[in-house]
Amino acid sequence: MMKTAWETLLSIGSEGGVLELKGRLTEDGWYFRRVVSDMEEGSRRFSAEGSDEDGLALLDDYAWLSLYPLYVDNKITTAVRKRVLFHRYRNESAFSAWIESTFPEDDWEAAKLVNWILTSGSTVVLTGAGMSTESSLPDFRSKEGWWKNIDPRTVASTEALSHHYDLFHSFYKARLDNLDQASPHNGHRALANWEKYGRIDAVATQNVDGLHQAAGSQTVYELHGSIRRFRCHQCGEELPRSTFIEKEACSCGGRIRPGVVLFGEMLPAEAWEPAMEKMERSDLSIVIGTSLEVYPANQLPAVTRGRTAYINKDIQTGAGDFDLVIRGNAGEVLTTMNTYMDEVLME
Ligand SMILES: [Zn+2]
């Protein structure tokens with residue numbers, strides 16, 4: 001077999017010159033060469049050669065972190081992406097240049113967030129209603145929400161539980177029926193996947209539907225409780241769902257209720273405290289699908305020492321406090337990110 005001609009696989013702009021990675025196919029596979037051209041001197045020199053899998057080992061961290069790509073050949077894009085996603089950039093414009101030359105334009109922001117996750121020592125995700133609406137659960141606050149004609153405070157409240165139990169019961173029974181038809185979407189599965197890879201530490205959620213756990217997430221802080229658990233409002237005993245559905249009373253005579261936080265109640269400290277502590281100390285916090293009207297999502301940029309990212313369909317007031325904002329449906333953005341995450345983590 002003949003050797004093919006040298007091809008330029010990657011070209012990087014350096015001060016006063018160009019650094020190129022060239023490759024050619026030989027009988028033993030690809031062979032690579034690093035070529036530095038100095039514009040002023042008009043000289044070219046081969047500074048390194050090798051036959052490792054993609055030739056990229058011929059480039060040092062300086063080239064990756066401080067120089068700018070000029071050309072990336074299709075043959076090498078996936079390998080370059082992998083290096084870009086794992087480098088911890090301090091030079092923002094070099095980072096953007098590498099992202100923009102190796103990812104499709106629609107995915108630039110998502111790719112940046114993948115890089116942040118892969119280079120973060122600790123990452124916490126906070127999800128809100130927008131995560132669940134894509135599993136066809138009505139969102140309580142949006143315009144399409146089924147509560148638009150009812151004030152939630154009158155039904156999902158300790159007041160209703162004590163004084164209008166029939167209304168309280170029919171409301172939660174309807175929500176449970178609704179939930180039975182919902183299943184996790186690819187966004188939920190993406191987060192579970194990243195936890196499995198050891199790339200995120202925990203998911204804190206304002207949702208009570210249990211879809212994160214259903215998707216496989218292990219460490220989930222349910223800030224507003226869970227609609228999948230039931231207990232006696234009086235003595236606190238945990239009881240099976242059927243006792244609530246059938247409107248039974250607890251042996252103590254108390255009313256049975258779902259384990260969600262009702263209007264008029266405190267957030268559960270056992271979920272709230274560790275979640276806040278983790279978010280304050282994490283390198284990266286990602287807020288997904290919340291309107292930023294609800295604490296703590298809106299306060300997060302102020303309390304964390306780490307970087308913050310916000311993914312939501314509508315970009316609202318307060319989004320400007322986040323370091324990175326991605327406009328889009330949670331499921332779609334997370335699925336895109338998951339594709340790149342799999343590309344670099346699955347071997
Ligand atoms: Zn009881």
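This is a predicted model: local features need pLDDT of at least 70, side-chain atom pairs count only at pLDDT 80 or more; totals for chains, interfaces and linings use all residues.
Me: What is the geometry of the zinc ion's site?
Reply: The donor atoms lie 2.2 to 2.3 Å from the zinc ion. There are four of them, and the angles among them run from 101 to 118°. Tetrahedral sites need all angles between 85 and 135 degrees, so the site of the zinc ion is tetrahedral.

Me: Is C250 buried or exposed?
Reply: Let's look at its relative accessibility, which is 6%. Buried means under 20%, so C250 counts as buried.

Me: And which class does C252 fall into, with its relative accessible area of 35%?
Reply: A residue is called buried under 20% and exposed over 50%. The 35% of C252 falls in between, so C252 is partly exposed.

Me: Where does the second largest pocket lie?
Reply: Good one! This pocket holds about 310 Å³ of space, and G225, R229, G259, P268 and E270 are the lining residues nearest its centre. Its lining takes residues from two domains, so the pocket lies between domain 2 (107-137 + 184-224 + 267-347) and domain 3 (147-181 + 229-260).

Me: Which element gives the most to the lining of the second largest pocket?
Reply: At least two lining residues each come from β8 (220-222), β9 (225-232), β11 (256-260) and α12 (269-281). With four residues, the element that gives the most is β9.

Technical notes:
Residues are numbered from 1 along each chain as its sequence is written. Side-chain values use heavy atoms; hydrogens and water are left out. Donors are N, O and S atoms within 2.8 Å of the metal (3.2 Å for Na, K and Ca); water is not among the atoms, so sites may look incomplete. Four donors count as tetrahedral if all angles lie between 85 and 135 degrees; four count as square planar and six as octahedral if opposite donors are over 155 degrees apart and all others between 65 and 115; anything else is irregular. Buried means under 20% relative accessible area, exposed over 50%, partly exposed in between (1.4 Å probe, protein chains only). On a 1 Å grid over the protein atoms alone, a cavity is a set of points where a 1.4 Å probe fits but cannot get out, and a pocket is an open set with protein on both sides within 12 Å along at least five of seven lines; lining residues have an atom within 4 Å of a point. Grid points are joined across faces, edges and corners, and a volume is the space filled by probe spheres set on the points. Domain bounds come from an automatic or database domain assignment.
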